[in-house]
Amino acid sequence: MAGGGNAIRGSRVGAGPMGEAERGDAAPRQAVTYFCSHEHRSVITLAIEATPPDSWDCPKCGLPASLDSDNPPPAPKIEPYKTHLAYVKERRSDQEAQVILDEALQLLRSRRKSGDIIF
């Protein structure tokens, strides 16, 4: 059987939007503006008692933003991906690497001659 008329589904008689009279007064707030290096302006609402942080991540681009509109923080430098070999080259000079390679080859050749081949 179909429901009829102009009834609103999911509501009850007397239901309506709750106002401040029913919920109580809202807590006092402050609007704090942050600026990023892409010239985005983000307004964040905080409680009056809260101390605004010095920096905030920009919701538009993700860069750090500060309270100073004239000097926003610079974008962080992104390090490129390093391979294992790049990290090894940071720790060892070419001469040290050559000495280690020569020792490993000498050990491998001595095992081959004695018949102790290990793969």
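Biologist: In what order do the elements of the chain run from the N terminus on?
Modeller: This is a predicted model. Starting at the N terminus, the order is α-β-β-β-β-α-α. That gives 3 helices and 4 strands in the chain.

Biologist: How many residues has H3, and how far does it reach?
Modeller: Helix H3 covers residues 94-114, which is 21 residues. From first C-alpha to last, H3 spans 30 Å, close to the 30 Å expected at 1.5 Å a residue.

Biologist: What follows H3?
Modeller: Gly115 follows H3, and the phi of Gly115 is positive, near 90°.

Biologist: Switching to side chains. How many salt bridges does the count come to?
Modeller: The count comes to 1 salt bridge. The side chains of Lys82 and Glu90 form that pair, with N to O at 2.4 Å.

Biologist: Why does that distance qualify?
Modeller: Because the cut-off is 4 Å between a side-chain nitrogen of Lys or Arg and a carboxyl oxygen of Asp or Glu. In general, side chains of opposite charge can pair when their charged atoms come close.

Biologist: What about contacts between residues at least 24 apart?
Modeller: Taking contacts between residues at least 6 apart in sequence, 25% join residues at least 24 apart.

Note on methods:
Residues numbered from 1 in each chain as written. Predicted model: local features only at pLDDT ≥ 70, side-chain atom pairs only at ≥ 80, totals over all residues. Heavy atoms only, no water. Helix = DSSP H or I, 4+ residues; strand = E, 2+ residues; numbered from the N terminus. Expected span 1.5 Å × (residues − 1). Contact = heavy atoms within 4.5 Å.
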